[in-house]
Amino acid sequence: MPGDLDQQLRERTNRAIINSFWRYRKREEPEIPEGYRIMFLGTGGNPEATFTQQPRTAGFILDAAGVRLYVDPGPGAVVRARQMNIDLGSLDAVYISHGHLDHYGGVEGVVEAMCWAMYARRGYLLAPPNVLETERLVSYYHQGASSYGSYKGGPEVIPLKKDKPVKIKDAVLTPAAVYHSNMNFGFVLKTKKLTIGYTSDTNYICRYSTPSGVKEVGPTGPIMDITGITEYRRDLKEIFSAVDVLVANVTSHNAWAHRHLTTIGLAHLLKNSKVKLCFLTHFNHSCVTPADLRPLMARYVQEATGVKTVAAYDGAVHDVESLMEGLGAKT
Ligand SMILES: [Zn+2]
Ligand SMILES: [Zn+2]
């Protein structure tokens, strides 16, 4: 009977909405586990990875002593979180290092989840001022600055400023200005037990020696003739060689060095550093196609520096402290 069907649908819809309301909009504050975990929702960077999703471009989530931070949620962020069974409503903060699509393209869906369907005022959105204002790559609504009807929630927005610390629960995040686009910030996150660094995308090598003399890094193809590094970003070596764990956006082994770290540059940065564990991520498409070069890149860095180095894979979840166990005197 159509009348019965109508009544049944009204009741079942009502129950489903109540169920969803308490699950996502009026929920309880979740507990973030103590300890240190890094979850790679994506490990790709640059245009080819963005539009082929090889590797995926969803950034990573860091659990650090009770703080849950989503770093650089690129395109695919919410889909990848769903596939990995990660509750984005448990995030404490979302961090955008700079205004390139592979770093911010998935942020608005992530903010809706963090802010409980935009019903709650909760969580921080940390991003460079141009991402928030001049280029407005995150809508004002998702910055919590305009509300529609009962959607009055949103994050607390914190524009990143070089060396200006931001407190997130018991952790302190200090943005480090890096060399990539007009405004880009890596960071150092100081927590109870460990200090964790993130390079974001950055140039590191400025000049290098070759058999035919010293050359300047330029925007041309892979560097084939490098024999040593003669000039580099000393400020970045100082900042990132003092952390315990470093997440390094390498992009490639020896290409795009004018805007990216490269594994050749990273090996120089890590030499004589205090870093105990390093993750490689933000791989260009050419690192995985036609062949997977990532294990070789990690091996190169580890052999050159003695620092334990792990190449990140899409979907990998690492317990940071257990990876650090057994590192002897360096722990
Ligand atoms: Zn990038
Ligand atoms: Zn970039």
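1. Two residues are in contact if their C-beta atoms, placed from the backbone, lie within 7 Å. Helices (H or I, at least four residues) and strands (E, at least two) are DSSP runs, numbered from the N terminus.

2. This is a predicted model: local features need pLDDT of at least 70, side-chain atom pairs count only at pLDDT 80 or more, and totals for chains, interfaces and linings use all residues. Residues are numbered from 1 along each chain as its sequence is written, while chains are lettered from A and ligands numbered from 1 in the order in which they are written.

3. Start with helix α8, residues 262-270. Of its 9 residues, 8 are buried, so the rest of the structure largely encloses α8. Buried means 20 or more other C-beta atoms within 10 Å of a residue's own. Among the buried residues are Thr262, Gly265 and Leu270.

4. What covers them? The cover of α8's buried residues includes β11, α7 (234-240), β14 (245-251), β15 (277-283) and α9 (294-305). After α8 comes Asn272, with a positive phi near 60°.

5. Strand β11 (residues 205-210) also pairs. It runs antiparallel to β12, joined by 4 bridges; two strands pair if DSSP finds at least two bridges between them. Arg207 has Glu216 in β12 as its bridge partner.

6. The open sheet has 3 strands, ordered β12-β11-β13, with antiparallel pairing. β12 (213-216) and β13 (228-232) are the edges; each has a single partner strand, so one side of each lacks a neighbour in the sheet.

7. Val110 touches Tyr70, Pro73, Ala77, Val78, Leu88 and Val94, leaving aside residues up to four places away in sequence.

Technical notes:
Buried ≥ 20, exposed ≤ 12 C-beta atoms within 10 Å, placed from the backbone.
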